[in-house]
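Please look over the sequence and the fold shown below before reading on.

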Amino acid sequence: ELDLGAQLMNFFTRLGQMRPCDPGCEAAQAWAKELQAFFTEHYYNCTNQILMGLGQMYAAGDEMNENIDRAGGEGTGDFARRAIEIYCK
């Protein structure tokens, strides 16, 4: 079984495949909901406020952003941020 870090990166690989659609599309919104549930199950109670903070980090242009874009393709971190923002509103 994949460790939690690998499972998390798999989220971004999957999200990268959704990038041709709008971040508000049904698939991207289901992804955000599933990501929130993953964090709540494995790490901590991931409130919408916490999820929004994670989304900001995913697009911050640092190493985390680079790793996400490596997993899902260039722009995946920013796409994640936008999908999460829409989901949390």
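Y43 sits in the loop between α2 (26–42) and α3 (48–58), where helices (H or I, at least four residues) and strands (E, at least two) are DSSP runs, numbered from the N terminus. The model is a predicted one, in which local features need pLDDT of at least 70 and side-chain atom pairs count only at pLDDT 80 or more, while totals for chains, interfaces and linings use all residues. Residues are numbered from 1 along each chain as its sequence is written, and side-chain values use heavy atoms, with hydrogens and water left out.

With a relative accessibility of 42%, Y43 counts as partly exposed, a class that lies between buried (under 20% relative accessible area) and exposed (over 50%), using a 1.4 Å probe and protein chains only. Together with Y44 and I50, Y43 forms a nonpolar patch on the surface, and the accessible area of the three residues together is about 270 Å². Patches are made of residues with over 30% relative accessible area and no salt bridge, like charges being joined within 9 Å and nonpolar side chains (Val, Leu, Ile, Met, Phe, Trp, Tyr) within 5 Å. The accessible areas come from the Shrake-Rupley method with a 1.4 Å probe, and for residues only the protein chains shown count as cover.

I84 is in contact (heavy atoms within 4.5 Å) with W31, A32, L35, L51, M52, G55 and Y58, when residues up to four places away in sequence are not counted.

Charged side chains come next. Across the whole structure, a search finds four salt bridges, each being a side-chain nitrogen of Lys or Arg within 4 Å of a carboxyl oxygen of Asp or Glu. In one of them R81 pairs with D78, the closest N and O atoms being 2.7 Å apart; because the two residues are three apart in helix α5, R81 and D78 are separated by about one helical turn. D78, which is partly exposed at 31% relative accessibility, also forms a salt bridge with R82, with the closest N and O atoms 3.5 Å apart. R82 counts as partly exposed too, at 34% relative accessibility. The side chains of R81 and E85 meet in a further salt bridge (3.2 Å, N to O), and both of these residues are buried. Through shared partners, salt bridges join D78, R81, R82 and E85 into one network.

How many disulfides are there? The count comes to one, a disulfide being a pair of cysteine sulfur atoms within 2.5 Å. C21 and C25 form this disulfide, with their sulfur atoms 2.2 Å apart; C21 counts as partly exposed at 27% relative accessibility, whereas C25 counts as buried at 18%. C46 takes part in no disulfide, the nearest cysteine sulfur, that of C88, being 7.9 Å away. C46 is buried, with a relative accessible area of 3%, and C88 is buried at 16%.
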